[in-house]
Amino acid sequence: MKILLTGKPGAGKTTVLQKVKNYGDMQQFGILSREIRDEDARRVGFEAVNMQGVLKTFAHTTEITSEHVVNGKFFVDLAVIDGFVVPEIVKGKNNLEALIFIDEIGRMQTYSKKFSEAVADLLDSESNVLATIVLAP
């Protein structure tokens, strides 16, 4: 089973994944994303959270320095994507009793060659994947 959800920011893609995670009875692997907001409620970054609740910031406007930038303001930490996100999404590969969450397959994540290869490999596998994908031309 492969299900990819897309839509504009704020449409509820991540909310769908969170609801499935809370009600599912399959083994669960992968990553959900969370926005980081400042005291004025402005979005300033993004965190990846695994199924055990461990958080890692993978993009930020001020706390990360990187040559990889999205929308002219979000600096992307490839070390977090390669060293945290990728291992979490491949843990359940080919486990037919598991569901792998990938939130999201977007510009920030695809700066990582390891991430892109891991996602392609998962989509070609027998793995059960529930993912969100950026809505872009």
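Mentor: What follows is a set of questions about the terms applied to this model, which is a predicted one.

Trainee: Why is M1 called partly exposed?

Mentor: M1 has a relative accessible area of 46%, and buried is kept for values under 20% while exposed is kept for values over 50%, so M1 is partly exposed. The residue is found in the segment before β1 (2-7), and, leaving out residues up to four places away in sequence, M1 touches L99, S127, N128 and V129.

Trainee: Is N71 buried or exposed, and how do you know that?

Mentor: N71 is exposed, because its relative accessible area is 59% and the cut-off for that word is over 50%. N71 is found in the loop between β5 (69-70) and β6 (74-76).

Trainee: What makes the backbone of N71 worth a remark?

Mentor: Most residues other than glycine have a negative phi. N71 is not a glycine, yet its phi is positive, at about 60 degrees. N94 is also a residue other than glycine with a positive phi, in this case near 65 degrees, and N94 is found in the loop between α2 and β7. As for accessibility, N94 has a relative accessible area of 45%, which falls between the limits of 20% and 50%, so N94 is partly exposed.

Trainee: Which peptide bond is called cis, and how do you know that?

Mentor: The bond that joins D103 and E104 is cis, with omega at about 15 degrees. Most peptide bonds are trans. E104 is found in strand β7.

Trainee: Why does K56 count as lying over the face of F84?

Mentor: The distance of K56 from the ring centre of F84 is 5.7 Å, and the rule asks for NZ of Lys within 6 Å of the centre and within 35 degrees of the ring normal, so K56 is said to lie over the face of that ring.

Trainee: What makes F46, F58 and F74 a cluster?

Mentor: Ring pairs link F46, F58 and F74, and rings pair if their centres lie within 6.5 Å. The structure holds 2 aromatic pairs.

Trainee: What is the volume of the largest pocket, and which residues are closest to its centre?

Mentor: The largest pocket has a volume of about 740 Å³. Its lining is made up of 28 residues, and P9, E35, R43, F46 and E104 are the closest to the centre. By class, the lining has 9 nonpolar, 10 polar and 9 charged residues, and α1 gives the most to it, with 4 residues.

Trainee: Why is a cavity called by another word than a pocket?

Mentor: A cavity is a set of points where the probe fits but cannot get out, whereas a pocket is an open set. The count comes to 1 cavity of 30 Å³ or more, and the largest cavity has a volume of about 60 Å³. Among the residues that line it are F58, D103 and E104, and β7 gives the largest share of that lining, 3 residues.

Technical notes: Residues are numbered from 1 along each chain as its sequence is written. This is a predicted model: local features need pLDDT of at least 70, side-chain atom pairs count only at pLDDT 80 or more; totals for chains, interfaces and linings use all residues. Side-chain values use heavy atoms; hydrogens and water are left out. Rings of Phe, Tyr and Trp (its six-membered ring) pair if their centres lie within 6.5 Å; planes under 30 degrees apart count as stacked, over 60 as edge-to-face and the rest as tilted. On a 1 Å grid over the protein atoms alone, a cavity is a set of points where a 1.4 Å probe fits but cannot get out, and a pocket is an open set with protein on both sides within 12 Å along at least five of seven lines; lining residues have an atom within 4 Å of a point. Grid points are joined across faces, edges and corners, and a volume is the space filled by probe spheres set on the points. Helices (H or I, at least four residues) and strands (E, at least two) are DSSP runs, numbered from the N terminus. Ala, Val, Leu, Ile, Met, Phe, Trp, Tyr, Cys and Pro count as nonpolar, Asp, Glu, Lys and Arg as charged, and the others, Gly among them, as polar. Buried means under 20% relative accessible area, exposed over 50%, partly exposed in between (1.4 Å probe, protein chains only). Contact means heavy atoms within 4.5 Å.
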